[in-house]
Amino acid sequence: MAKRWLLVGLLVTVLGTTAVAQKVTIQFWYSIGGSIGDTIQELVKRFNASQGKVEVKAQYAGGYDDAINKLLASIRTKNPPHVVQVYDIGTQILVDSQATIPVQDLVQRDKVDLHRFLAQPLNYYTVNGKLQSMPFNSSTPLVYFNLNALQEAGIKPKQLWTFEELADVARKLTKRDKDGKVVRYGIALADYGWFLEQLSYNNGFYYCNNENGRKGRATEVNLDNPAIQKYFQWFLDLYKEGTLLYVGRRTADSQSAFATGKAAITFDSTAVLQGITRTVGGRFRIYTGYFPYFKEFGRTGVAIGGASVWLMKGFSEQETEAAWSFVKWLVQPEQQAFWHLKTGYFPLRLESLELPDVRQAHREDPNYTTAIQQLRTSKVSNVTAGCLMGSFPEIRQLSEQALEAALQGKPIKEALAEYKRRADAALERYNQSVGR
């Protein structure tokens with residue numbers, strides 16, 4: 001009898017070891033920290049618990065800029081992760097690396113219905129006729145208002161704004177003490193290159209040539225387009241008159257100024273909706289509107305920001321299939337609903353909007369709906385597809401330096417011309433480095 005039980009025990013041990021050995025482990029690098037990073041970890045935990053074939057090991061790879069540099073280094077040493085989150089402006093770089101698997105191939109094989117996805121994120125990540133990566137955390141810029149301040153000033157809230165209207169409202173919301181010192185600014189803004197890109201699209205301008213790099217490889221940056229010129233003047237006028245609080249390049253500082261009541265308006269991503277709401281803590285109500293446009297040009301619509309997830313080459317078929325199963329799971333309606341409600345990023349799937357928890361949340365807080373409505377009323381075109389070019393991270397920093405130069409007194413046209421030359425040179429160096 002003892003020998004029999006020993007044999008059974010050995011058999012169980014062997015079978016158990018085999019079962020563990022058959023579980024495929026994949027590496028996933030993500031690039032957002034804080035509470036949003038915690039939500040990513042929670043999604044990974046839920047995926048691992050949902051099935052027994054794949055184990056995802058999630059690792060924070062640093063912020064977007066650091067993460068893409070780390071990824072490129074891992075490609076050179078042939079040790080990349082299976083799945084990686086890369087921000088939108090890294091798209092051309094990843095395509096040129098030739099180290100990724102276009103998800104379009106797997107989407108078609110598995111008959112994933114992309115018609116139930118929002119069009120703009122798919123439009124952004126489609127390069128050379130193929131969906132290169134799976135959209136994940138897509139965002140758009142919004143205007144955040146202190147609703148209490150608007151109502152106290154007798155200003156009716158609305159979603160669609162021109163920059164001209166916004167300037168008038170910001171002036172009315174600026175408060176000064178008896179000595180003329182500003183105690184509440186009308187608006188607080190960071191010098192963030194993403195805003196320049198988005199206002200180009202929203203006013204109908206390509207940010208780079210060859211129709212945003214969609215008709216051919218981008219070789220020139222349209223940093224001096226008319227919408228950016230007008231924005232620089234708008235920004236400087238409000239800054240000089242004490243209506244606009246300039247906080248430098250960190251949007252975290254403009255968020256803080258808004259949330260603490262130091263300013264009544266700010267621009268930021270829909271992705272920070274939950275974070276700003278928590279920081280405000282009920283001191284006032286928040287109202288969100290669409291990113292503004294100039295009356296002269298009319299509204300075209302915004303492009304998406306945020307990031308997507310990429311499948312990397314160089315792994316066995318079993319590991320690639322395991323990685324793909326995780327990517328597919330991330331964009332299922334239930335996961336997208338959870339992600340949306342925990343962060344403020346909008347869901348990619350239309351079905352997510354129909355789920356009871358999402359419908360209830362939108363009824364209770366219409367701010368959840370703003371980014372989705374803004375996107376669905378934006379035209380789907382090469383303008384709103386967003387610019388596709390290499391060296392984009394460096395070029396974004398150069399665009400921010402252009403505004404800094406204008407704030408320091410350099411004439412706007414001269415500042416934009418100088419930094420356009422630098423941006424074009426950076427793009428040319430990149431194109432030459434990849435043999436294009």
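Guide: Here are a few questions about a predicted model, each with its reasoning.

Visitor: Why is serine 200 called buried?

Guide: Its relative accessible area is 0%. Buried means under 20%, so serine 200 gets the label.

Visitor: Where does serine 200 sit, and which residues does it touch?

Guide: Serine 200 is in helix H9, residues 193-202. Leaving out residues up to four places away in sequence, serine 200 touches Phe205, Tyr207, Asn225 and Ile228.

Visitor: What makes the pairing of serine 200 and asparagine 225 a polar contact?

Guide: The two side chains are joined at 3.0 Å. The cut-off for a pair of N or O atoms is within 3.5 Å, so 3.0 Å qualifies.

Visitor: On to H20. How do you know what span to expect for helix H20?

Guide: Helix H20 covers residues 412-433, which is 22 residues. The expected span is 1.5 Å times one less than the number of residues, so 32 Å is the expected value here. H20 reaches 31 Å from its first C-alpha to its last, close to that.

Visitor: Which helices do the buried residues of H20 pack against?

Guide: They pack against helix H4 (91-97), helix H11 (226-240) and helix H19 (392-407). The buried residues include Ile412, Leu416, Tyr419 and Ala423. Just after H20, glycine 435 has a positive phi of about 70°.

Visitor: What pLDDT does the protein chain average?

Guide: The average is 93, and 95% of the residues score at least 70. Over residues 1-8, though, the pLDDT is below 50, and that stretch has zero contacts in the model beyond near neighbours in sequence.

Conventions:
Residues numbered from 1 in each chain as written. Predicted model: local features only at pLDDT ≥ 70, side-chain atom pairs only at ≥ 80, totals over all residues. Heavy atoms only, no water. Helix = DSSP H or I, 4+ residues; strand = E, 2+ residues; numbered from the N terminus. Buried < 20%, exposed > 50% of the residue type's maximum accessible area, 1.4 Å probe, protein only. Polar contact = N/O pair within 3.5 Å; in protein donor to acceptor, adjacent residues only side chain to side chain. Contact = heavy atoms within 4.5 Å. pLDDT = per-residue confidence, 0-100.
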